[in-house]
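Q: I would like to go through this structure step by step. Could we begin with the overall fold?

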Amino acid sequence: MSDILINMPFFAVAALICVSLYIMMTQRNLIKVVMGITLFQSAVNLFLVALGYRTGGVAPAYTSGPVHLMVLPVPQAMTLTSIVIGVSTTALMLSLIIHIYRHTGSTDAEKSRRVKG
């Protein structure tokens with residue numbers, strides 16, 4: 001039973017990835033596709049945080065503590081970088097959707113594929 005509780009974040013990551021892939025593959029509305037991509041990014045961030053977690057760990061800023069109890073700082077730094085990149089790419093995707101909507105009058109992916117020029 002305790003193994004299930006320890007691995008619960010990884011089960012949540014798997015569920016979030018499955019839901020986001022389903023959304024990205026089945027939806028034709030571009031805003032919903034962006035929501036699926038954002039959900040996928042959140043799943044990756046949760047995975048990185050879960051990888052760096054240590055039970056009873058201390059922050060690596062305290063150098064006098066035992067080394068084997070320190071939390072890994074690299075996944076935390078990667079998560080912060082991923083959040084910044086995710087926000088900027090989401091803003092870019094939404095701005096492109098606004099331009100598509102102004103040009104076609106719809107956020108349907110099929111209508112945006114038929115646009116020329």
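Q: What pattern does the protein follow, read along the sequence?
A: The pattern is α-α-α-α-α, and the protein has five helices and zero strands. Helices (H or I, at least four residues) and strands (E, at least two) are DSSP runs, numbered from the N terminus. This is a predicted model, in which local features need pLDDT of at least 70, side-chain atom pairs count only at pLDDT 80 or more, and totals for chains, interfaces and linings use all residues. Residues are numbered from 1 along each chain as its sequence is written, and side-chain values use heavy atoms, leaving out hydrogens and water.

Q: How many aromatic pairs does a search of the whole structure find?
A: The search finds one aromatic pair. The rings of Phe10 and Phe47 have centres 6.0 Å apart and planes at 70°, so the pair is edge-to-face. Rings of Phe, Tyr and Trp (its six-membered ring) pair if their centres lie within 6.5 Å; planes under 30 degrees apart count as stacked, over 60 as edge-to-face and the rest as tilted.

Q: Changing topic, where is Val58 found?
A: Val58 lies in the loop between helix H3 (30-52) and helix H4 (73-104).

Q: Which residues does Val58 contact, leaving aside neighbours within four places in sequence?
A: Val58 is in contact (heavy atoms within 4.5 Å) with Leu69, Met70 and Val71. From C-alpha to C-alpha, Val58 and Leu69 are 6.2 Å apart, although eleven residues separate them in sequence.
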